[in-house]
Amino acid sequence: MESVTSAIEQPGTSAAERTVPVPRLIATDLDGTLLRDDKTVSERTVAALAAAEAAGIEVFFVTGRPARWMDVVHDHVHGHGLAICANGAAVVDLRDGARFIDVRPLERADALAIVHAVRDAAPGTSFAVERTAGFHYEPAYPPFFLDPDAVVAPAEKLLAEDSGYTEPILKLLANHPELSPDEFLSIARAAAGDHGSFTRSSPTALLEISGPGVSKASTLARCCAERGISPEEVVAFGDMPNDLDMLGWAGTAYAMANAHPDVLAATAHRTAANTEDGVAVVIEQILEARSARELP
């Protein structure tokens, strides 16, 4: 993958670290990355995404959001129309009503083992269950987004074999009212890491738990392999710990200026904050470089 010098420079970076690759695929997180703080996509970013697709560069939205929350970018998909949701647990077709194309579930037995182990390690934890067909939570779980169709019951009942719910489990969410987010993540991984993939994307102590081996990176790798695209041909953008695997897998990774300290520490490249169209800035540079190279 070819590269050119970037206008985005940070003090202390070398010339090699200030390059913008010309990729075959762009993978971008949504919240805190592509979306502005009001959860909208700016006109500049809309134009950049459309221009990338017109230039033959595939764009994948790769998010922790469930399929039911993808309406925010529904009008901005091009080409394949696919998005990776729930931290890699699902691939959906946004052009077909967010229809599930591929699901990598968290098995019920693993989900129950996680509930018991994390509760023992961090008393006071409450859980929610995200399935392909709905979201349900325990009485103590903070109703961050009220859903009139949600069932409120103990996790054991929501996950019971005779619960009546047969749809695949995309992820568990675990909330703790007192622990710091990173402390809670460390405790939960130590207690139940063999049963699932633990990460977080919230500023609160809210963990997102997928099936073992399921992540943004592993599902993106599958989608790229289907297209004959190597990691070196991918440019990725992110801001939170749930993006770390994807940013580490991609040939070139950009942390947003507003990113979590762990993301900033793990990436060589920076772009502007989500409120300043950081993803669009890099896409524009990529396309300018391609156009300059194609001039006679």
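Reader: Leaving aside its neighbours within four places in sequence, which residues is F237 in contact with?

Author: This is a predicted model. In it, F237 is in contact with I26, A27, T28, D29, T33, M246, L247, Y254, M256, T271, V279 and V282, its neighbours within four places in sequence being left aside. Contact here requires heavy atoms within 4.5 Å.

Reader: What makes a set of residues a nonpolar core, and which residues have the most contacts inside the largest one?

Author: The members must be buried residues of listed types, Phe, Met, Val, Leu and Ile among them, joined through side-chain atoms within 4.5 Å. The largest such core has 36 residues, and those with the most contacts inside it are F61, M70, V73, L94, F237 and I283. Elements giving two or more residues to this core include α2 (43–54), β4 (58–62) and β13 (234–238). The largest share, 6 residues, comes from α9. A second, separate core has 26 residues, including I114, A153, L159 and F184.

Reader: How do you know whether the contact of α3 with α5 is nonpolar or charged?

Author: The contact is made by I114, A117, V118 and A121 of α3 and F184, I187, A188, A191 and A192 of α5. Ala, Val, Ile and Phe count as nonpolar, so the contact divides into 9 nonpolar residues, no polar and no charged.

Conventions. Residues are numbered from 1 along each chain as its sequence is written. This is a predicted model: local features need pLDDT of at least 70, side-chain atom pairs count only at pLDDT 80 or more; totals for chains, interfaces and linings use all residues. Side-chain values use heavy atoms; hydrogens and water are left out. Buried means under 20% relative accessible area, exposed over 50%, partly exposed in between (1.4 Å probe, protein chains only). Helices (H or I, at least four residues) and strands (E, at least two) are DSSP runs, numbered from the N terminus.
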